[in-house]
Amino acid sequence: MSDVRALLAGREVELGDGPYLERVDAKRAPWEARLRTWLAKLPRFDGRRAQRFLDATNALEEATRVFDDDTLRTNLAAEARRMHREGFTDVCLAASFALIREASRRTLGMRHHDVQLLAGRTLLQGRLAEMSTGEGKTLAATLAACSAAMTGAATHVVTVNDYLAERDAEHNTPLFDFLGLKIGVVLQDMSVADRRTAYACDITYVSNKELTFDYLKDAIAMGESSRTQQRLAEFAGGRAGEPPILRGLHIAIIDEADSVLIDEASTPLIISETLPDDLDPTIYTRAIELATSLERDVHYAANHHRDIWLTPGGKVHVREVTAEFGGMWRSAMWREEFVQKALSAVHGFQRDQHYILADDKVQIVDESTGRVMPDRTWERGLHQMIECKEGCEITGQRRTLAQITYQRFFGRYLLLCGMTGTAQEVAAEVKGSYDLSVTRIPTHKPTRRRNLGDIVCASSDLRWEAVARRAVEVASTGRPVLVGTRSVEASERLAALFGANGIEHAVLNARQDKSEAEAVAQAGGAGRITVATNMAGRGTDIKLAPEIEQAGGLHVILTEFHESARVDRQLFGRCARQGDPGTTEAVVSIDDDLFTRFAPAPLRAILASLVRGEHASEKLLRRYVTWLQDRAERHYRRQRTDTQRRDAEWARALGFVGKSRR
Amino acid sequence: MARSPFSPSWHSVASLRPRLTPYARIQRVVFRGRPWYVVQDQTGGRVYRLSAAAYAFLAGMDGNATVQSLWEQANTSELRDACTQPEIVDLLSQLHGADLLQTDAVPDSAASLERHNKKRSEMIRQWLMNPMSLKFPLVNPDRFLTVLSPYFAWCFGPIGAVLWALAVIPALFLAGVHWTDLTHNLSDRVLSSSNLLVMACVYPVVKLLHELGHGFAAKRWGGAVRELGLMFLIFAPVPYVEASSSAAFPSKYRRATVAAAGMLVELFLAAIALHVWLLAEPGVMRGVAFNVMVICGVSTLVVNGNPLLRYDGYYILSDLIEIPNLAQRGQAWWTYLIDRYAFGSMDATRPDETPSEQRWLTVYTPLAWCYRTFVTVSVIFVVAGKFFFVGTMMALWSAYGLIGAPIRKGWKHLSTAGALHRVRTRAMRRTFAFIGGLLVLLLFVPVPLHTRALGVVWLPEQAMLHAGGNGFFVRWLATPGAHVNAGQPLYVLDNAQLRAEHEVDRAKVAQAQARYDAEQFIDPTKAAISGRQLDEARETLARIETRMANLTGFAGEDGRLVVATAQDMPGRYYKKGELLGYVLQDRQLIVRAVVQQDDIDLVHARLSGVGLRLADSLGVAWTTRVIRAFPGGVDELPTAALGLNAGGTIATHPNDSKGVKTIQRVFIVDLALPRDSQPVFGERVQIRFDHGYEPMALQAIRRLRQVFLSHFGV
């Protein structure tokens, strides 16, 4: 059913002996990863070959125009057979892409640009294509997806969320149908059987989380017997178990690869079950009560990375206060564990910033995507503490069944490739962790995005006023305005300000995610103001009416610099897409997280003394912010490499637990 | 890190059903009053120490109970904190790492293979890291030892002890009695080429007996010895045995005996050899005996017996004080001390050590480090002096092991240690401040720079009576010991040849005079010539007369005439310039200092003061000044008293019987004697030349350069 010959032709891939086709976990010494990151910085001389590939594809275009539909299909099938033998060589790709390009023109009415051809080629070479925002990544991916699927490989197009998976799949269905490829979409609340059907399709659109969860489910279900052992068991007349959900890890085309491979990869993905809580609920209430009564710097200390711990004095205080509680409170270890967790719950996590309350449940909001992460819970006890703090019903403890890091999971694909608009900052890390090289794809048309300069405010209140004022100013010229906020709380605060002044606006955040498609569809209207969290970042395509292009296109206001410059660039990338005009600006406050957490105290003081009220800045602020974001990125990068190193050490140390439990 | 009840990897182990491998043996051992359990892998001989809590957990592992249920069982008390999840995960992975764990999971053969490869590459890495001690396991001597051990068991009992004492104790006395014979010219005797050959033959035998001592001792009490191999210590092959199974012996004295057995054997051999050496006639037998003594004595005293190096002495010490893994625990303890007190980390886990253990660890670790550094540096110098290229490579290698690796480790600790998680910035800052401070101190803070030299109380030139010419001594004109005045004649020499020449010359003058007188009025032209001849003859005569006059000596100044052996002198022949006696005057003594060539540049170029101490009153320091410094170097000491043989510090040529020929050139500097000092002529003087101030690093670099120049010629 599946055929991976094309993926393996001409490449050296070590296959695992697991139940289905996947690559053996790469064993990388730390020095090897470091060496690879250095190599990633070397330039790649591919220009002439790329040009020859383009010429070859374009030369075939004339011929494909006259083919009838069936000839297109049979020719593509013939190309696929050739790829089985030769792999994804330039010659094969040129022929195959020319056919798919023609098919796309006929079905979608969109002909792939040259840069999209380049991107498609880059993908099938197993690299990361960096295309500027709004260059049509979705369409470029179809080239690679169709070519790979035609050869029979299970093609997974990985998106960052269900919304994008559904949207992209729907958008490209006519093309796939035309080529006779079956397309499946996996969404969050699908049954296992439906998922199996979706994965059985030639091309499957799926979000990274669903994909990884399904993989883990398979791993738990199938245990650690090898493919041969399973076959033998079946052969011997043993009852064949449930077939696996996935067909195997053949090729993954990751959209927004930096988000999936870097940002989300900082924590391992955990599949867990809920157990009844065997702890007395009063423990939570007492701990929260106690934590609220403790004083900062007397009983506990905290640093600006949300790390909170008890001071020696605090430990003594806690011991005295809890003396008559009895039970587990008598154990110093448990007592301090409870209070630590409670302190984190009270001081480290804020409602509407780190989580929201929905249906009387605590739901975690992912900061970089702005979306709710259902079924995710914080580690042992912390989630319950937060539920207790919010007065929700305390859910049971979660017991981990299996976990995997993205580094490990995606590393198992026979062919891994991806696209993103923002890869520059993380190129080295991607190379180090996944052995993926970044290829920069030139823009199709020169960008018409202009930055209008930034405004720094002395306080958060001033900032919101300035944001509101600027939004109204621009909207009154007939242009749509997109205001990006960092948290649900901030978006609602701004919405309230607009509401109080009677200004019409739309809000898009984790709480209002049902109306996402509608809000995005309308965001391009004249004079329209849309307040959105980072949900309106990656992949969101705001279509502009023709008259708006005359008025100057979409205007994007950034209200707070994110720790990652990539997230900011993604938000700015919502305007001036595919040669449209557009403007951006940042209106920020000096007490924003980025400044308080990552700026050294002296610089913070200088900035505070410079900024009184509002302060317009052309370049200096941006440079400062770039530097801070660099620092922040480095901080998180270190965290990620630590996690990865620990994961590797742990896998080595726990060699005795068998493969599937790791 | 504070103890945390949860482990993120718990789900991986919770459903496992582990048990110990059948070949693991557990033994209860009491260390410092606390019970521990020693788990031993009988095949590999390696040993792991477990706490009582860990043992309680381990005892339940029967291959049927899951880790989860065992954990719950261990924590049945209401507090539930007997053992935490991380502790159990650690315990299991440690047992797995030691190949002592069996589980119901299908073993991952790829992972095992990788582990095997890693172990091997680790070994190679260890060789590379430590080229001065390579280990090659060769055979498994267990069967051989088991067969023979009954015949040797008595050695490690009362009979053996008595026998040993009977041999060794008298030998100690005898060695004391014959100490000078034994040690006279030791280095020459040991390092002579013929002896080296004998030593090369004796050495492996002695060391093999040493190792068999360990092996039989371990066997005596049921331990297993499964590895015998060759170790290359500074490229010299030494056998070794793996006797760590003794760690499971419950009695600390037995453990210590196993560790000490090698040295006991060597001392016994040395004692026997001493008796042989005393009884035998000079010959091969005696040479062998001598070498046995040297090898056993030196290796026991310097290397094996020293607890600061990781050889037998270390194991004996750690067995006797009941602190196994002294070195590792010392390191952990010091890491904790630094994390906690230098960096103020509250998360640093306090190693579980009792106060008395803490005292041991606090003291032992730095001492051992200093000693190891010292030994390594000395070894490098010795080896590098002999083989320059190999030596330098080895020096660099060892320097990495001694300095580079700890720095790397320290940096890794500083940048990744969990204990410093919350105080990392502070820890970094303090470390860099400390290093910076140290560098400033070394590079910029000037400290007094001085050089030391040795001198003698000496006489000024004019106080010495030198023979004015060659001649036989006739007599003293003044009584030796009496007071003489300046200008007073003191002695007379007689030179017959000179006298004869004088006669001849006088005759020649008379002849020339006569000729001149004759021709003066007859032939003025001829007279002019003979006049010149007369002048010449007169001049020659005058020269001879001066030399004649020089045969009589006069006092240069007032003082007492001192002569060493006045009565022997008459009739003796003296060469010109030879010392006959002194005219001493209390005020006029000086100090003649001998400066080594390494220091002479400083003494010449930048001298800011001179201090001295006289040998008979070292408590009193005098300041003084340089009278004169001779620019050229000499290779003869003013007196043998400064030479190494006579108790001085300057190395002299061993072939020179007088002991004044120096090996290196030296420089003479004369210093004034302080007015109020009461020195005796010939007394030794300690001199300190001050050269102002200079930062320590510059001083060190100068010395190092000199050492390199003189040692290695680079």
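In chain B, helix H10 passes helix H11 in a right-handed crossing, a crossing being right-handed if the near helix is turned clockwise from the far one by less than a right angle and left-handed if anticlockwise. Helices (H or I, at least four residues) and strands (E, at least two) are DSSP runs, numbered from the N terminus. The model is predicted: local features need pLDDT of at least 70, side-chain atom pairs count only at pLDDT 80 or more, and totals for chains, interfaces and linings use all residues. Residues are numbered from 1 along each chain as its sequence is written, while chains are lettered from A and ligands numbered from 1 in the order in which they are written.

The axes of H10(B), residues 193-220, and H11(B), residues 252-279, come within 7 Å and cross at roughly 140°. H10(B) is therefore oblique to H11(B) (angles under 35 degrees count as roughly parallel, over 145 as roughly antiparallel, 65 to 115 as roughly perpendicular and the rest as oblique). Axes are lines fitted to C-alpha atoms, for helices over the stretch in contact, and angles run from 0 to 180 degrees between N-to-C directions. Residues of H10(B) in the contact include B:Val206, B:Leu209 and B:His210, and those of H11(B) include B:Thr257, B:Val258 and B:Ala261; two residues are in contact if their C-beta atoms, placed from the backbone, lie within 7 Å. The residues of this contact comprise nine nonpolar, five polar and two charged (Ala, Val, Leu, Ile, Met, Phe, Trp, Tyr, Cys and Pro count as nonpolar, Asp, Glu, Lys and Arg as charged, and the others, Gly among them, as polar).

H11(B) also meets helix H12(B), residues 284-304, with axes that come within 8 Å and cross at roughly 145°. This crossing is left-handed. Among the residues in contact are B:Leu267 and B:Trp277 of H11(B) and B:Phe290 and B:Met293 of H12(B). The contact of H11(B) with H12(B) involves 14 nonpolar, five polar and two charged residues.

Chain B as a whole contains 21 helices and 24 strands. Its radius of gyration, taken over C-alpha atoms, is 40 Å, well over the 27 Å that the globule rule (2.2 Å times the number of residues to the power 0.38) gives for 714 residues, so chain B is more spread out than a compact globule. The C-alpha trace of chain B spans about 150 × 65 × 50 Å along its principal axes.
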